[in-house]
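Keep the sequence beside you as you read.

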Amino acid sequence: MAPLRPAALLVCFTLGLPLAVSLCQGGCVEVDSHTEAVLGHSFKITCISCKKRSETVAEAFTEWFFREKDTEDMVKILHYDYERKLEVVDPRFEDLVVWNGTKKVPDLQDVSIFILNVTYEHAGEYLCTVNRTLNFGDVFFHNVLVNKTIQVTVVPKANRDMASIVSEIMMYVLIVVLTIWLVAEMVYCYKKIAAATEAAAQENASEYLAITSESKENCTGVQAVE
C-alpha cells in the first residue's frame, strides 16, 4: 500500500466514518517467522497472509497444525475466527498459546501466535492455514486457502544472530576510529597553539630589542648635544 498523503491523513483524523477505515488502516507486509525458540521462554510464531486488494471485503479464519519432531502425524492444535476467538484443541498446548494476530476485524491477515514456556516437545513443524472468503458486493464470493509451514527448533539458551554480532563489532570499530580522530585533532590543535604562542613570543622579543636599541641611540644623542 502506498504511503498516505496529507489529505488522506486529514480524513483519517477528522472523519469518524466506516468509509474511512479502509483508507486509514496500515498496510500489510508478509515477513518470515523466527524459527529458534529458547527453552522455558515465550516464543512468537509469525504467520501473515496479506490480502492482495485491501478494498475487497473479506472474512477469514485460521487453523494451526503441528507435527512434533520425529513423528509423522500432523495434528490440529487450534482454531481462531472473529466470532469464536481462540479455541485450543490440543492438550499439549492448553493454556500455553496466546493469540497475537488480528483482533478487531473479521478479515484476519496476521494470524501469529505466542507459545508460553517453551519445552522440547514444542519443536517440530507448524502448519498455519488461512481460509479467506472474498465478498464482491454480495454477488460473488471467492474462497482462498493459504498454507504456510514453519520449522521450529528449541535450544537451551539463545544464540546471538549474525546481525547483532556485526553491529556490535561495527560499534567498537567506530569508537576506536573516533577516539583516534579525537586524539589527532587534540595534537594538531596543541601544535597549532604552541606555534602561535612561540611566534608571538618572538615578535614581542623583537619589539623589546628594537625599543631598547632606540632608547640607547636617544641617550647617546642627548650626551653629544651636552
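Start at Phe93, which is buried, with a relative accessible area of 1%. Buried means under 20% relative accessible area, exposed over 50%, and partly exposed in between, with a 1.4 Å probe and protein chains only. This is a predicted model, in which local features need pLDDT of at least 70, side-chain atom pairs count only at pLDDT 80 or more, and totals for chains, interfaces and linings use all residues. Residues are numbered from 1 along each chain as its sequence is written, and side-chain values use heavy atoms, with hydrogens and water left out.

Now the overall layout. The protein chain has three helices and nine strands. Both kinds of element are DSSP runs numbered from the N terminus: helices are H or I with at least four residues, strands are E with at least two. Read from the N terminus, the order is α-α-β-β-β-β-β-β-β-β-β-α. Of the 226 residues in the protein chain, 25% are buried.

Contacts come next. A contact means heavy atoms within 4.5 Å. Take the contacts in the protein chain with a separation of 6 or more: residues 24 or more positions apart account for 56% of them.

Back to the rings. The structure holds five aromatic pairs. Rings of Phe, Tyr and Trp (its six-membered ring) pair if their centres lie within 6.5 Å; planes under 30 degrees apart count as stacked, over 60 as edge-to-face, and the rest as tilted. Phe66 and Tyr126 make a tilted pair, 4.5 Å centre to centre with 35° between the planes. Phe66 belongs to strand S3 (residues 57-68) and Tyr126 to strand S8 (residues 124-136), so this pair links distant parts of the chain, 60 residues apart. Phe66 and Tyr126 are buried.

How are the rings of Phe93 and Tyr126 arranged? Their centres are 6.3 Å apart and their planes at 80°, so the pair is edge-to-face. Phe93 lies in the loop between strand S5 (85-88) and strand S6 (97-99), while Tyr126 lies in strand S8, so the pair ties together parts 33 residues apart in sequence. Tyr126 has a relative accessible area of 0%. Phe66, Phe93 and Tyr126 form one aromatic cluster.

Leaving out residues up to four places away in sequence, Ile45 touches several partners, among them Trp64, Ile113, Tyr126 and Val152. In soluble globular proteins, nonpolar side chains tend to be buried together.

Two loop residues give a contrast. Asp70 is found in the loop between S3 and strand S4 (75-81). Its phi is near 70°, a positive value in a residue other than glycine. Asp70 is exposed, with a relative accessible area of 75%. Asp138 is in the loop between S8 and strand S9 (140-155). Phi of Asp138 is near 60°, again positive in a residue other than glycine. At 60% relative accessibility, Asp138 counts as exposed.
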